[in-house]
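Have the structure open and follow along.

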Amino acid sequence: KVTIALTKGRILKDTLPLLSAAGIEPEEDIASSRKLVFASNQADVRLLVLRGVDVLTYIRHGTADMGVVGKDMLMEDGASQLYELFDLGIARCRLMTAYKKERAQLVKQSKLASQSRIKVATKYVNIAQRYYAEQGVQADIIKL
């Protein structure tokens, strides 16, 4: 049996038509249920509906064989341990950096690295650490 972990929300809405095109349909309406596990029309395929970060955990521990998760989650919490099979091109997101107005000019002039340290609050700690290290900027990362 193959278990596919799906991310709740916008990604799920974009994923269900792709599964349908592959001949996989949940046996009941996922949107109207709070269940975790769903049977499908394929006897050897079951679906799990989880939070994005939980999709990665279920795959890591072998509870799910594969999953659909946002690139942000994969970059933040799974890139070194999991393999990205395919970019589905759905539910695109952009990660942005916001600055106070007085710092914006330094950023435009690429002088931010000359500042002693900056503080960055984010829920994407690993992504932010890699980004600022690549920029040569010393950043204190505050996890939100």
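Let's begin where helix H5 ends: the residue that follows H5 is Gly 136, with a positive phi near 75°. Helices (H or I, at least four residues) and strands (E, at least two) are DSSP runs, numbered from the N terminus. This is a predicted model, where local features need pLDDT of at least 70 and side-chain atom pairs count only at pLDDT 80 or more, while totals for chains, interfaces and linings use all residues. Residues are numbered from 1 along each chain as its sequence is written, and side-chain values use heavy atoms, leaving out hydrogens and water.

**Helix H5**
- Val 125, Ile 127, Ala 128 and Tyr 132 are the buried residues of H5 (residues 125-135); buried means under 20% relative accessible area, exposed over 50%, partly exposed in between (1.4 Å probe, protein chains only).
- Down the axis of H5, these buried residues fall within an arc of 160°, so they line one face of the helix; the arc is that of the directions from the helix axis to the C-beta atoms.
- Turned away from that buried side, the other face carries exposed Ala 133 and Glu 134.
- The cover over the buried residues includes helix H3 (71-77), strand S5 (118-122) and strand S6 (139-143), with contact meaning heavy atoms within 4.5 Å.

**Salt bridges**
- The structure holds four salt bridges, each a side-chain nitrogen of Lys or Arg within 4 Å of a carboxyl oxygen of Asp or Glu.
- One of them joins Arg 117 and Asp 140 (2.8 Å, N to O).
- Arg 117 lies in the loop between helix H4 (101-108) and S5, and Asp 140 in strand S6, so the pair ties together parts 23 residues apart in sequence.
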